[in-house]
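Biologist: I would like to learn how to read the packing and the sheet in a model like this one. Where should I start?

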Amino acid sequence: MDDDGWLAAHEAGHSVLATLWPGWTLKGVTISGGLYSAGCARVVPPLIPAADCAMVDFGAPFDTWPLAVRTFCEARYAISAAGTLAELMLTPRGTRRPLTVARDVPDLAADLPPLEPDDAAALIAVVNSDGDDDLTTIAKVSRFAFGTDLDARNAWAGHMETLTEGLILANREAIERLAAVLGQLRSMSGEAAAAVIRDTQP
């Protein structure tokens, strides 16, 4: 695996998990870095209904919050954590083992929709901005959900990491295939990435 292999797996992990959560939209993915980021998966979350937001009681247990709010927090955590977990689980930096599904990548890459200029510009803007990294996003969503209750935050983090690891293993072929194609193209539209992901599904 070349030096971009771990990064491609990282961004593919974000991308594949984003497609598993209803309402989350993958807009593009790149491993062409900028001033602040080595790559990014540009994901747009669904809107949470205003009525559900108004029903959030920060003094009540997280599991009593409206389903839409809880699902948003869980998706945000899992998608953010998926990059590093996919990188560590599928392409350990110490070994850099080869991808298992790369045999037909050139043909597949040639048939994908092109990256439109607006999508390319949006990806460039993300990697050149100093927005939150994955760990900061995870910290913020954890604090939003559990406040200063460190025991509850840590318990939820353990649950969410186990859930995310299971999703990565269940979707390993999709992550590895997308990483292989991304390694060749370096930047892809959300439509193209979704096509690669669908190609691995029965």
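Biologist: Which residues have the most contacts inside the largest nonpolar core?

Modeller: In soluble globular proteins, nonpolar side chains tend to be buried together. A nonpolar core here is a set of buried Ala, Val, Leu, Ile, Met, Phe, Trp, Tyr and Cys residues joined through side-chain atoms within 4.5 Å; buried means under 20% relative accessible area, with a 1.4 Å probe and protein chains only. The largest such core has 48 residues, and Tyr-77, Trp-156, Leu-178 and Met-188 have the most contacts inside it. At least two residues each come from several elements, including α1 (5-20), β1 (25-30) and α3 (67-90). α3 gives the most, with eleven residues. Helices (H or I, at least four residues) and strands (E, at least two) are DSSP runs, numbered from the N terminus.

This is a predicted model: local features need pLDDT of at least 70, side-chain atom pairs count only at pLDDT 80 or more, and totals for chains, interfaces and linings use all residues. Residues are numbered from 1 along each chain as its sequence is written, and side-chain values use heavy atoms, leaving out hydrogens and water.

Biologist: What is Trp-156 in contact with, leaving aside neighbours within four places in sequence?

Modeller: Contact means heavy atoms within 4.5 Å. Among the partners of Trp-156 are Phe-62, Cys-73, Tyr-77 and Phe-146.

Biologist: In what order do the three strands form the sheet?

Modeller: Strands of a sheet pair through backbone hydrogen bonds, either parallel or antiparallel. Two strands count as paired if DSSP finds at least two bridges between them. Here the order is β2-β1-β3, in an open sheet with antiparallel pairing. β2 (40-44) and β3 (187-189) each have a single partner strand, so one side of each lacks a neighbour in the sheet. Five bridges join β1 to β2, and Val-29 stands opposite Ala-41 in β2.

Note on methods: Buried < 20%, exposed > 50% of the residue type's maximum accessible area, 1.4 Å probe, protein only.
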